[in-house]
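These are my notebook entries on a single structure. I set down what I looked up, entry by entry.

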Amino acid sequence: MKRWIVLSVAGVIALGLASQLPGCAASRGGAGASAAQKVYVKPGEHDAYYAFFSGGHSGSIYVYGMPSCRHITTIPVFTPEPAVGYGVDEESKAMLGGFTWGDAHHPGLSETDGDYDGRWLFINDMPNARIARIDLKDFKTRQIFGPIPNLSAAHACPFPTPNTEYVFAASRFSAPVPNRYVRVEDYAKEFRGIIAGVKVDPKDGTMSMGFEILMPPFNWDLADAGKGPSHGWEFFTCYNSEMGFDSLEVKASQAEMDFVAAVDWRAAQKAVDEGKAKMINGTPVLDPQQVKGIVYLFPVPKSPHGVDVNPSGEYICASGKLQADVSVYSYAKMKAAIDAGKFDGDRMGVPVLKYEDVLEATVPVGLGPLHTQFDDKGYAYTSLFLDSQIAKWKVGPPWQVVDKIDVYYSIGHLMASEGDTRHPTGDYVVALDKLSKDRYLNVGPTHPEAAQLIDLRGPKMELLYDFPTYLEPHYAQMIKADKLKPITVYPMAENHKSGAIKTAEEARIERKGNRVDVYGLVVRTHFTPDIVRVNEGDDVYFHWTNLEQDDDIAHGFGILWSSCNMQVEPGETKTMHWKATKAGITPFYCSNFCSALHQEMQGYIEVSPRGTPVAAVQRPESEKTAEVAALLKTE
Ligand code: RUQ
Ligand code: CUA
């Protein structure tokens, strides 16, 4: 014991000496020390990239800074979030449409000319077949489109096209279209898959229905948009072309080949515009048995998962997840075979191209290839779920693996910096591991997921950093930070909300029958009005406007004994409903720390027994409004 202590003291001294000797850093700390420097962002400085991680079945988006791997914020999308009142105020509650969860898989940044443009982020809710649009000007969810009719879950979604003309959704499950009672045993006859093209308004990002295509009842899995020469096409993988409806883990792995579906979305939209679609549940659906030239299939070995188009748009990479290869297909060859009409029959009206007519190369990457990303030097990076590795390989002859790195553990997606664009930056790739096992302090049976930052700038991939994520990112995207210019306050001049007021004198409480509307202001450190008189049974709508135009001064509005709490950001107006169920006194307060007198920012709702006469219009006392008016002038 004593000897050990002596030795270890000597060791510490030796280490201390080494650290003072120039040039010894590498031998001392090894890769750890230099890796630490590569992720270190000094206090007060900013990261070079934003990374948007899907939150899986948490229904949210997690925002990280890269390379520091710091979690900056969470954007609520498909799930209520009480801290900010998402799903509590009337507008976001309506947007959630009665759902309280989503399963968010694949963030898709908007693109212009095939590069991320920093305008919007789209994200799918797989089970409820919805797509949300987040505005990157304020990092808020602004539209939730769906449930998309006729679609049983949207996994291959949203994968925007190079000018964000479309986002897509394809059914993970098949079901009767339109949905109706049938026997599950009649699967092959009665069930169908759907590929949906959702149009995006180029001005404001508003999504609307473009077209749907009736597909064979396979499980449609993932997608990617063509770019460059292949712009105008969207590619989808599938498994279960065997059309099994039970024990899929066995039945969906029987056939040697499944498929990629290639959709010519311009042709599909044209067919709809020419009236060739059938309306099903208010949605134009194209049937490939009748409408030709909109979709084709080509074979992919063994239940593929990911499909990824390389930056030049020439190659389509799909990996059979039960294989050890990535199959690389040539867009030019696919197009030539289509133009020559070289088909090998069809599946429910969708022409099938021959494997050997479209294949360019197979790359022996390792076991369980799932997804592929790209850099700026002509290399591809494929995640290997079974091997828990990433393989780096050359896009082009001799189509060989040049490097591999271990990840911890069981990688699903991987994402490269600007990795889905025509110009990936080649700086980093992040491994999104499905299992973290022992990598973090034990927090009980539910472990966090693990993400790992890997440096791509040297000749070999280098693991820089591990960081845990909450349940459960699938895909993520990384965009250069300087492409985003988020606002810090909502300009008051642009606030046209119907409940907004802009001066203290306009503050008032109006009654119509049982409905009471409170038009009020929140300003450091006062609610105007701070006394609200209503009757038992009233439906009270609070419209609070935060008149502040200072960075980071948000106020909260929380009502005791209720589920009512929300945040009102500078320049914003939000409306919240509260039911006066019981006579008595109910306090409310500012729930978001805003100033030294934050604790004083409070008020009372006085609820009188049913039938007590209450004024149709109440105004806060004039001396109080004058006080607030004076406060505003000094701002
Ligand atoms: S999927 S790995 Cu949506 Cu690949 Cu999860
Ligand atoms: Cu306003 Cu705290």
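Which side chain does that of Glu418 meet in a salt bridge? I found that its partner is Lys483, at 2.8 Å from N to O. I use the term salt bridge for a side-chain nitrogen of Lys or Arg within 4 Å of a carboxyl oxygen of Asp or Glu.

**Basis of the entries.** I note that this is a predicted model, in which local features need pLDDT of at least 70 and side-chain atom pairs count only at pLDDT 80 or more, while totals for chains, interfaces and linings use all residues. Residues are numbered from 1 along each chain as its sequence is written, chains are lettered from A and ligands numbered from 1 in the order in which they are written, and side-chain values use heavy atoms, with hydrogens and water left out.

**Entry 1: salt bridges.** I returned to the pair Glu418 and Lys483, which meet in a salt bridge. Glu418 lies in the loop between strand 28 (411–416) and strand 29 (428–433), and Lys483 in the loop between strand 32 (476–480) and strand 33 (508–512), so the pair ties together parts that are 65 residues apart in sequence. Helices (H or I, at least four residues) and strands (E, at least two) are DSSP runs, numbered from the N terminus. Glu418 is buried, at 2% relative accessible area, whereas Lys483 is partly exposed at 27%. Buried means under 20% relative accessible area, exposed over 50%, and partly exposed in between (1.4 Å probe, protein chains only).

I then looked up Arg511, which forms a salt bridge with Asp538, the closest N and O atoms being 2.5 Å apart. Arg511 belongs to strand 33 and Asp538 to the loop between strand 36 (531–535) and strand 37 (539–546), so this pair links parts that are 27 residues apart in sequence. Arg511 counts as buried at 19% relative accessibility, and Asp538 is buried at 1%. I also recorded one network, in which salt bridges that share partners join Lys38, Asp455, Arg457 and Glu462.

How many salt bridges does a search of the whole structure find? The search gave 33. Among them is that of Lys140 with Glu569, at 2.7 Å from N to O. Lys140 is in strand 7 (residues 140–145) and Glu569 in the loop between strand 39 (565–568) and strand 40 (573–579), so the pair ties together parts that are 429 residues apart in sequence. Lys140 is partly exposed, with a relative accessible area of 23%.

**Entry 2: ligand 1.** I listed the residues that surround ligand 1: His105, His106, His155, His305, His371, Gly412, His413 and His474. Each has a heavy atom within 4 Å of the ligand.

His106 is buried, with a relative accessible area of 1%. A polar atom of the His106 side chain lies 3.2 Å from the backbone oxygen of Cys157.

**Entry 3: helix 7.** Which residues of helix 7 (residues 265–273) are buried? I noted Trp265, Ala268, Gln269, Ala271 and Val272. Helix 7 is followed by Gly275, whose phi is positive, near 80 degrees.

Technical notes: A polar contact is a pair of N or O atoms within 3.5 Å; within protein, one must be able to donate a hydrogen and the other to accept it, and residues adjacent in sequence count only if both atoms are side-chain atoms.
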